[in-house]
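Dear colleague,

Please read the notes with the model open beside you.

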Amino acid sequence: MSLVTNIQKFSIHDGDGIRTSVFFKGCPLKCEWCHNPETQRFEREMQCDREKCTGCGTCAKICPNGAISMEDGKPVWSSEKCTFCGKCTNYCPLGIREIIGREYTVKELVKELMKDQMFYEESGGGVTLSGGEVMSMDIDYITAIAKELKRQDVTLTIDTCGYVPYEKFQAILPYVNTFLYDVKVMDPELHKKYIGVDNKLILDNLARLAADGARIYIRIPTVKEVNGNEKNMKETIKFLKEHDIHPPQINLLPYHDTGSGKYQKLGMKYKGTDLHAPEKEEMEAFVQLFVESGFKNTKIGG
């Protein structure tokens with residue numbers, strides 16, 4: 001089952017032109033600074049703004065399955081009992097409950113995406129499939145969407161962390177115009193510490209995609225305590241050069257914590273409280289490293 005958490009219209013940071021971005025639910029990575037925690041798990045979830053909850057108990061009373069109980073004056077949700085019927089979200093007096101994750105058929109999703117065709121044509125934009133990790137979804141489903149978009153002459157961008165079997169990339173490559181490819185940390189141990197897995201598969205897939213002729217924009221989420229240093233940037237440059245990878249664009253994305261407030265709504269703990277963005281001067285120095293190494297179109301931000 002492939003679930004969608006959000007369809008974002010008029011996006012200008014997820015590829016070229018004005019785009020409609022689809023965020024799928026589920027990711028194999030666990031980045032400590034993740035700003036979309038609602039896309040981490042593959043299953044549906046119930047989101048509740050616990051800070052705004054008054055403990056009125058309406059949700060517990062209305063739930064037909066006993067999935068919500070009151071403890072210490074606050075509702076407690078049981079994922080095992082919940083059928084996501086939506087009654088608690090409909091009857092919550094404050095509107096602070098939300099089901100995260102919706103299924104779309106290929107036809108339904110493409111129909112929604114084609115509503116913005118005029119903006120794609122005028123701006124040189126299109127559709128971006130993101131996540132979570134879109135490449136972790138059912139690849140037959142994702143490929144069917146890609147084929148239909150190509151048939152209707154809509155450009156497709158895939159925003160990926162790269163941590164999937166390469167066969168998935170092979171299946172969808174003929175229908176993709178651009179990949180936005182995250183290269184987070186070059187040191188495999190640091191990668192495992194902050195992201196949950198090592199980076200071998202990610203880097204191998206990047207090299208293979210480039211060798212297979214894919215158009216790839218490299219994106220580097222830049223965190224001062226993790227990869228925001230000259231050593232990591234030089235190692236990234238070395239890897240790109242050694243594997244003959246020539247991205248038309250490299251984006252250094254400074255760390256931000258704008259998604260940290262979502263965690264309490266999902267009953268999760270934000271782990272990035274001690275992380276920071278590098279100073280402006282440091283970011284500019286990183287850009288200069290790439291430019292001097294021949295990667296002329298390197299910039300801060302997406």
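Helices (H or I, at least four residues) and strands (E, at least two) are DSSP runs, numbered from the N terminus, and Phe24 is found in strand E2. Please keep in mind that this is a predicted model, in which local features need pLDDT of at least 70 and side-chain atom pairs count only at pLDDT 80 or more, while totals for chains, interfaces and linings use all residues. Residues are numbered from 1 along each chain as its sequence is written, and side-chain values use heavy atoms, with hydrogens and water left out.

The overall picture comes first. The protein has ten helices and 13 strands. Its radius of gyration (taken over C-alpha atoms) is 21 Å, close to the 19 Å that the globule rule (2.2 Å times the number of residues to the power 0.38) gives for 302 residues, so the protein is as compact as a globular protein of that length. The C-alpha trace spans about 65 × 45 × 35 Å along its principal axes. Of the 302 residues, 50% count as buried, where buried means under 20% relative accessible area, exposed over 50%, and partly exposed in between (1.4 Å probe, protein chains only). If contact is taken as heavy atoms within 4.5 Å, residues 24 or more positions apart account for 69% of the contacts with a separation of 6 or more.

The loop between strand E2 (19–24) and strand E3 (45–48) holds Asn36, which is buried at 15% relative accessibility. Not counting residues up to four places away in sequence, Asn36 touches Phe23, Gly131 and Lys262. With Lys262 there is also a polar contact between the two side chains, at 3.0 Å; the term stands for a pair of N or O atoms within 3.5 Å, of which, within protein, one must be able to donate a hydrogen and the other to accept it, and residues adjacent in sequence count only if both atoms are side-chain atoms.

Gly131, one of the residues that Asn36 touches, is joined to Gly132 by a cis peptide bond with an omega of about 10°. Gly132 is placed in the loop between E8 and H5, and Ser136 lies in the loop between strand E8 (126–130) and helix H5 (139–151). Leaving aside neighbours within four places in sequence, Ser136 is in contact with Pro28, Phe42, Val164 and Lys168.

The buried residues of H5 are Ile139, Tyr141, Ile142, Thr143, Ile145, Ala146 and Leu149, and their cover includes E2, helix H3 (106–113), E8, strand E9 (155–160) and helix H6 (166–172). Just after H5, Asp153 takes a positive phi of about 60°.

What covers the buried residues of helix H10? Those residues are Met283, Phe286, Val287, Leu289, Phe290 and Val291, and the cover includes strand E11 (216–222), helix H9 (230–242), strand E12 (249–254) and strand E13 (298–300). Just after H10, Gly294 has a positive phi of about 105°.

The aromatic rings deserve a separate look. Rings of Phe, Tyr and Trp (its six-membered ring) pair if their centres lie within 6.5 Å, and planes under 30 degrees apart count as stacked, over 60 as edge-to-face and the rest as tilted; by this rule there are eight aromatic pairs. The ring centres of Phe290 and Phe295 are 6.3 Å apart and the planes stand at 65°, so this pair is edge-to-face. Phe290 is buried at 0% relative accessible area, and Phe295 also counts as buried, at 8%. Elsewhere, ring pairs link Tyr166, Phe169, Phe179 and Tyr181 into a cluster.

Finally, Asp244, in the loop between H9 and E12, has a positive phi near 55° although the residue is not glycine, and Asp244 is exposed, with a relative accessible area of 55%.

Best regards
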